[in-house]
Amino acid sequence: MSEREELMKQLQSYAFAAYDWNLYLDTHPYDKKAIAMYHKMIDKAQEFKKLYNEKFGPIFAGDSKDMNFWNWIDTPWPWE
């Protein structure tokens with residue numbers, strides 16, 4: 001697995017875990033341990049997203065910070 005694929009896998013894993021904790025919290029809104037885990041997963045997903053964006057370019061159009069040209073389409077598409 002390439003570094004790009006590994007970073008994307010890590011990002012997707014943490015984003016999925018955050019979403020799963022989000023669903024749990026919808027029915028258990030006062031569970032402090034779950035809230036802490038949700039925030040931990042969000043932070044890790046953001047960390048991997050930032051790292052991915054720095055190494056391989058933006059994942060989403062909104063992640064593109066370059067004001068000179070529209071560069072997010074220069075990175076491989078998900079199926080590539």
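1. Which side-chain oxygen reaches to within 3.2 Å of the backbone nitrogen of Lys 33 at the start of α2? That oxygen belongs to Asp 31, and the pair can be read as a polar contact (N or O atoms within 3.5 Å, where within protein one must be able to donate a hydrogen and the other to accept it, and where residues adjacent in sequence count only if both atoms are side-chain atoms). Before going further, please keep in mind that this is a predicted model, in which local features need pLDDT of at least 70 and side-chain atom pairs count only at pLDDT 80 or more, while totals for chains, interfaces and linings use all residues. Residues are numbered from 1 along each chain as its sequence is written, and side-chain values use heavy atoms, with hydrogens and water left out.

2. On the overall plan, the protein has 2 helices and 0 strands, where helices (H or I, at least four residues) and strands (E, at least two) are DSSP runs numbered from the N terminus. Of its 80 residues, 24% count as buried, a word that here stands for under 20% relative accessible area, with exposed meaning over 50% and partly exposed the range in between (1.4 Å probe, protein chains only). The accessible surface comes to about 6,200 Å², and 59% of it belongs to carbon and sulfur atoms; such areas come from the Shrake-Rupley method with a 1.4 Å probe, and for residues only the protein chains shown count as cover.

3. The helices may be checked for length against an expected span, which is 1.5 Å times one less than the number of residues. For α1, 25 residues should span 36 Å, and the end C-alpha atoms are 37 Å apart, which agrees. Helix α2 also has 25 residues, and its reach of 36 Å from first C-alpha to last is close to the 36 Å expected. After α2 comes Gly 57, whose phi is positive, near 100°.

4. In α1 the buried residues are Arg 4, Leu 7, Leu 11, Ala 17, Ala 18 and Leu 25, and what covers them includes α2. In α2 they are Ala 34, Met 41, Ala 45, Phe 48, Lys 49 and Tyr 52, and their cover includes α1.

5. The largest nonpolar core has 6 residues, namely Leu 7, Leu 11, Ala 45, Phe 48, Tyr 52 and Ile 59; such a core is a set of buried Ala, Val, Leu, Ile, Met, Phe, Trp, Tyr and Cys residues joined through side-chain atoms within 4.5 Å. Two or more residues come from each of α1 (3–27) and α2 (32–56), and α2 gives the largest share, 3 residues. In soluble globular proteins, nonpolar side chains tend to be buried together. Not counting residues up to four places away in sequence, Leu 7 touches Phe 48, Leu 51, Tyr 52, Lys 55 and Phe 56, a contact being heavy atoms within 4.5 Å.

6. Ala 18 deserves a separate look. This residue of helix α1 is buried, with a relative accessible area of 4%. Leaving aside neighbours within four places in sequence, Ala 18 is in contact with Tyr 38, Met 41 and Ile 42. Its C-alpha is also 7.6 Å from that of His 39, although Ala 18 and His 39 are 21 residues apart in sequence.

7. Glu 5, also placed in helix α1, is partly exposed, with a relative accessible area of 41%. A polar atom of the Glu 5 side chain lies 2.9 Å from the backbone nitrogen of Ser 2.

8. Lastly, the aromatic rings: rings of Phe, Tyr and Trp (its six-membered ring) pair if their centres lie within 6.5 Å, and planes under 30 degrees apart count as stacked, over 60 as edge-to-face and the rest as tilted. By this rule there are 3 aromatic pairs. One of them, Trp 21 with Tyr 24, is edge-to-face, at 5.8 Å centre to centre and 85° between the planes; these two are 3 residues apart in helix α1, about one helical turn. The rings of Tyr 52 and Phe 56 have centres 5.3 Å apart and planes at 50°, so that pair is tilted. Tyr 52 is buried, with a relative accessible area of 4%, whereas Phe 56 is partly exposed, at 24%.
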